[in-house]
Amino acid sequence: MAVARHRSTVRSTLGLAAVTPVLAAVVACAPPAAESPPAWQPPAGFAVTETVTVADGRTLRLWTGPSGWYVESLTSGRHEAAVGAGGGGDRYAVSVVLDGLVGTVPVASARAVEVGSPPVRADLHSGVFLVPATVVAAPTDQDVLVTPLDATGRSIAPATRVPIVGRG
């Protein structure tokens, strides 16, 4: 019996020694693990100017630049989606974007806005603001009040009822 155990151990050791180089060659020749895609970035010249928390623990980031804006949606800090537009800004506009409201205000001296009723204050960045879509009382509301504010927070133009693009 002792002889049989010894032969079995010798065979196992020799078999393992023969298979090890083959396994090492397979591992060495295997393609490298796929790299994770790079983090999403808008075109050059855009910078994050606002961050807003929305439902389900998501975050929206407003990127503004010389040719327009982007809104990026993140979950747990990871990029999910982005939407952008260029130009515009010479009139009031509000759009539903990724559970947020992004808007433009054509009042050059405005530094912030009050949006909705009750109003929520949002800073302007190159004439663009971002707020959670929940500032509008009902999902069926077709417009929202927008009031331009100066640097001290005082109203500098009357509240304007602005249609919400993307609703209806």
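Arginine 58 is buried, because its relative accessible area is 12% and buried means under 20%, with exposed over 50% and partly exposed in between (1.4 Å probe, protein chains only). Before I go on, please keep in mind that this is a predicted model: local features need pLDDT of at least 70, side-chain atom pairs count only at pLDDT 80 or more, and totals for chains, interfaces and linings use all residues. Residues are numbered from 1 along each chain as its sequence is written, and side-chain values use heavy atoms, with hydrogens and water left out.

So where does arginine 58 sit? You'll find arginine 58 in strand 2; helices (H or I, at least four residues) and strands (E, at least two) are DSSP runs, numbered from the N terminus. Its side chain and that of serine 73 are joined by a polar contact of 3.1 Å. That term is for a pair of N or O atoms within 3.5 Å; within protein, one must be able to donate a hydrogen and the other to accept it, and residues adjacent in sequence count only if both atoms are side-chain atoms. Leaving aside neighbours within four places in sequence, arginine 58 is in contact (heavy atoms within 4.5 Å) with several residues, including Val52, Ser73, Glu80 and Asp99.

Next, please look at histidine 125, in the loop between strand 8 (120-123) and strand 9 (128-132). Histidine 125 is buried too, at a relative accessible area of 17%. Its side chain reaches the backbone oxygen of threonine 49 at 3.1 Å. With neighbours within four places in sequence left aside, histidine 125 is in contact with Thr49, Glu50, Leu62 and Thr64.

Now for the rings. How many aromatic pairs does a search of the whole structure find? The search finds three. One of them is tryptophan 40 with tryptophan 63, edge-to-face, 5.8 Å centre to centre and 85 degrees between the planes. Rings of Phe, Tyr and Trp (its six-membered ring) pair if their centres lie within 6.5 Å; planes under 30 degrees apart count as stacked, over 60 as edge-to-face and the rest as tilted. This pair links distant parts of the chain, 23 residues apart: tryptophan 40 is in the loop between helix 1 (2-29) and strand 1 (47-53), and tryptophan 63 is in strand 2 (residues 58-65). Tryptophan 40 counts as partly exposed at 22% relative accessibility, whereas tryptophan 63, at 6%, counts as buried.

Phenylalanine 46 and tyrosine 70 also pair edge-to-face, at 5.2 Å centre to centre and 75 degrees between the planes. Together, Trp40, Phe46, Trp63 and Tyr70 form one aromatic cluster.
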